Amino acid sequence: MIMRIVLFILIGIILTACATAQQLSEQPANLSFAKEKQFELAPPVIKSGKVFFDEENKIQLLLNLENSSIYYTLDGSDPTENAPLYKDEIIIKESKTIKARAFHDHFLPSEIVEAQFVKLGQNPTVKKISLNRAPHENYQGTGADGLIDRKKGTTNFRTPYWMGFDGGDLEIIIELEKKEGIKKATASLLSDPSSWIFLPKEMEVYASADGTHFDLLSSRILPATRENAPNELKFVEVNFPETEIGFMKILLKSFSAIPDWHPGKGTPPWLFIDEILVE
Ligand SMILES: [Ca+2]
């Protein structure tokens with residue numbers, strides 16, 4: 001009996017899928033249901049082999065729907081139909097954020113999807129990296145050295161690329177092999193509100209000559225995560241005038257509590273990090 005019910009459900013799903021495919025292929029007659037643009041297009045998928053790259057990176061934008069067009073930007077602005085039209089794979093040679101959106105005559109435009117790609121510069125050699133606290137025992141990554149191994153995690157926080165901290169601030173101290181001119185620090189973080197993982201509220205960058213007395217170089221305040229924010233890989237950059245640095249301290253200050261719109265409101269958010277870049 002159970003088998004029969006499962007079979008009926010399966011047949012139902014297959015018939016529904018066929019109907020949808022048929023409706024879409026018999027344009028435009030059977031698309032009249034969508035002519036008033038009541039239905040939103042599915043967003044395109046951003047596909048690339050790597051998030052960190054050395055020389056150049058190839059990015060594809062995918063959406064399997066006839067007569068749809070994908071427009072994209074590389075300057076951080078929201079794509080409209082005036083933005084470049086995606087035709088072939090996009091090749092980038094610098095760090096970029098790509099935003100893409102699909103359009104179709106018979107549908108409302110899709111949501112905007114975005115992804116960041118980071119070109120690894122001639123980064124200075126790190127002699128030692130240390131943290132002011134241990135990660136949670138279930139999310140230890142591969143230790144502090146995993147934050148400088150150039151390996152990037154996916155949005156799955158359970159993989160060993162990620163270190164997870166259950167509330168509170170995180171202080172990272174980096175000792176360079178030799179003093180070098182540095183002008184940017186980047187923290188590679190995860191935003192996954194559905195798993196109670198949030199970006200910090202502020203990132204501060206300090207420099208020191210002796211590893212003991214640190215001076216604030218620059219900081220960046222981040223907005224609170226909005227409701228329904230997607231799970232995303234995030235790079236938080238702090239730029240400053242080029243400074244000769246032997247030791248650097250990066251302080252990630254967490255929000256004290258998860259925002260009110262979330263079921264975990266009032267409790268400390270998790271912080272997940274997989275890489276620090278110093279350039
Ligand atoms: Ca890493």
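Visitor: In which loop does asparagine 67 lie?
Guide: This is a predicted model, and in it strand E4 covers residues 69-73. Asparagine 67 is placed in the loop between E3 and strand E4.

Visitor: Does asparagine 67 count as buried, partly exposed or exposed, and why?
Guide: Asparagine 67 has 13 C-beta neighbours inside 10 Å. A residue is called buried at 20 or more such neighbours and exposed at 12 or fewer, with the remaining class in between, so asparagine 67 counts as partly exposed.

Visitor: What is the phi of asparagine 67?
Guide: Asparagine 67 is not a glycine, and yet its phi is positive. The value for asparagine 67 is about 65 degrees.

Visitor: Where is arginine 150, and is it buried or exposed?
Guide: Arginine 150 sits in the loop between strand E8 (126-131) and strand E9 (163-166), and it too is a residue other than glycine with a positive phi, of about 65 degrees. Because 12 or fewer neighbours is the cut-off for exposure, arginine 150, with 10 C-beta neighbours inside 10 Å, counts as exposed.

Visitor: Which strands stand at the edges of the open sheet of three strands?
Guide: The order in this open sheet is E1-E3-E5, with antiparallel pairing. Strands E1 (45-47) and E5 (90-92) each have a single partner strand, so one side of each is left without a neighbour in the sheet. The strands at the edges are therefore E1 and E5.

Visitor: Which residue in E5 stands opposite isoleucine 59?
Guide: Strand E3 spans residues 57-62 and pairs with E5 in the antiparallel sense over three bridges. Opposite isoleucine 59, the residue in E5 is isoleucine 90.

Technical notes. Residues numbered from 1 in each chain as written. Predicted model: local features only at pLDDT ≥ 70, side-chain atom pairs only at ≥ 80, totals over all residues. Pairing = 2+ DSSP bridges. Helix = DSSP H or I, 4+ residues; strand = E, 2+ residues; numbered from the N terminus.
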